[in-house]
Structure formats: C-alpha cells, structure tokens
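This report describes one structure, part by part. Please look at the sequence and the model before reading on.

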Amino acid sequence: MKKMTLCLVAMMFATLAMAQDFRRQPRMDLNPENMAAWQTNQLKEVLQLDSMQYQLIFLMNYADAVTLQDSMKVRRARAEKLRAEGKTPQRPTDEERATQMKIREAREQIRNEQMKQILTPEQFEKYLKFNEEQKARMRNRAPGHRNHHGKEQ
C-alpha cells in the first residue's frame, strides 16, 4: 500500500514537472515572416495551393503581419507611456471598439476580394468556410481560456 501511494505521489509530481516544462517552451517566433509562413501553410493544407498561389498569399499575409506588428508596437508604446506617467492604460471605449470593428471588416472585405482573384471558385468557397470555422472556434473558446498574452478572455 505504501509503495502504491508513493508511486501515485511520484506520478503526480512528474506530471506537474512536465506541465511546467511545457509552459516554459518558447512559442513560435512571431516575427512577420514566421507568422505569414504559418498562416500560408495552413491555407496551403486546406486549399491545396499551387506554388504561385502560395507565393501571392504569403506576400499578402506578410504585409498583414507587418501591419499588425506595427500597430501592436504603437499600442504597447502608448501603454508604457501611460504607465511611466503613473496612469493605468484603459480598455477601448465602445466607440473605439466599433471603429476598430469597421476597420477589421473593411480589411476582411479587401482581403476576400484579393483572395477571389488568386483562388479558383472552389478554393475560394473552401477559404470562406475555413474562415468561418476559425471565427467560430475563437468565439467558442472555453471561458477562462488564456490568450497568447496570458490574459483571461
């Protein structure tokens, strides 16, 4: 009985140690090129892209990733400046969120038009379906799920 208890305790510690090691593993390097490659590879797998389509979509994803990285830097700098002044960065207002949503929708519409030019009609339908599935997955994450910044959603 003592051996069994000792084994269970050892297994629990081993499991905890492995979980901590997993958390310490570095995430994928999120520079624009790696982000674009990851996104494009996902689409390549789903849509069976040819090499020309892959290259065009990679360039689109790269441009988007650079824009995203730049906007994140601006947001972080603004938050750091506020913290340096002893102020707490505030969440966006409803009006700011609405504006951001309109910008996001406009970007998505432009991207869809570009993708329509690159993909075949069958691929484009798969692309739209894939995007909807991705959005649903994001909406349906478990409560308390942490985003990539370690903050609860």
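Which residue just after α2 takes a positive phi? Q48 does, with a phi of about 55 degrees.

## Basis of the report

This is a predicted model, in which local features need pLDDT of at least 70 and side-chain atom pairs count only at pLDDT 80 or more, while totals for chains, interfaces and linings use all residues. Residues are numbered from 1 along each chain as its sequence is written, and side-chain values use heavy atoms, with hydrogens and water left out.

Helices here are DSSP runs of H or I with at least four residues, numbered from the N terminus (strands are runs of E with at least two). Helix α2 covers residues 32-47. Its 16 residues reach 22 Å from the first C-alpha to the last, close to the 22 Å expected at 1.5 Å a residue. The expected span is 1.5 Å times one less than the number of residues. At the start of α2, a side-chain oxygen of N31 comes to within 3.1 Å of the backbone nitrogen of E33. This falls under the cut-off for a polar contact (a pair of N or O atoms within 3.5 Å; within protein, one must be able to donate a hydrogen and the other to accept it, and residues adjacent in sequence count only if both atoms are side-chain atoms).

The buried residues of α2 are P32, M35, A36, T40, L43 and L47. They lie on the same side of α2, because they cover an arc of only 120 degrees around the axis. The arc is taken from the directions from the helix axis to the C-beta atoms. Buried means under 20% relative accessible area, exposed means over 50%, and partly exposed is in between (1.4 Å probe, protein chains only). The cover over the buried residues of α2 includes α3, α4 and α5.

Q48 sits in the loop between α2 and α3. Its positive phi occurs in a residue other than glycine. Q48 is exposed, at a relative accessible area of 58%.

## Helix α3

Helix α3 covers residues 51-84. Its 34 residues should span 50 Å at 1.5 Å a residue, and the end C-alpha atoms are 48 Å apart, which agrees. D50 caps the N-terminal end of α3, with a side-chain oxygen 3.1 Å from the backbone nitrogen of M52. After α3 comes G86, whose phi is positive, near 80 degrees.

Buried residues of α3 are Q53, I57, F58, M60, N61, A65 and A79. Among what covers them are α2, α4 and α5. N61 has a relative accessible area of 1% and so counts as buried. Apart from neighbours within four places in sequence, N61 is in contact (heavy atoms within 4.5 Å) with A36, Q39, T40 and R111.

## The largest nonpolar core

A nonpolar core is a set of buried Ala, Val, Leu, Ile, Met, Phe, Trp, Tyr and Cys residues joined through side-chain atoms within 4.5 Å. The largest one has eleven residues: L43, L47, L49, I57, M60, M115, I118, L119, F124, Y127 and F130. Two or more residues come from each of α2, α3, α4 and α5, and α5 gives the largest share, three residues. In soluble globular proteins, nonpolar side chains tend to be buried together.

Which residues does L43 touch, not counting those up to four places away in sequence? They are Q48, L49, I57, M115, Y127 and F130.

## Salt bridges

The structure holds five salt bridges. A salt bridge is a side-chain nitrogen of Lys or Arg within 4 Å of a carboxyl oxygen of Asp or Glu. D94 pairs with R97, the closest N and O atoms being 3.0 Å apart. Both lie in helix α4 (residues 94-118), three residues apart, about one turn of the helix. D94 is exposed at 60% relative accessibility, whereas R97 is partly exposed at 39%.

K135 and E108 meet in another salt bridge, at 2.5 Å from N to O. This pair links distant parts of the chain, with K135 in helix α5 (residues 121-139) and E108 in helix α4, 27 residues apart. K135 also meets E132, at 3.7 Å from N to O. E132 and K135 are three residues apart in α5, so about one helical turn separates them. The relative accessible area is 29% for K135, 26% for E108 and 43% for E132.
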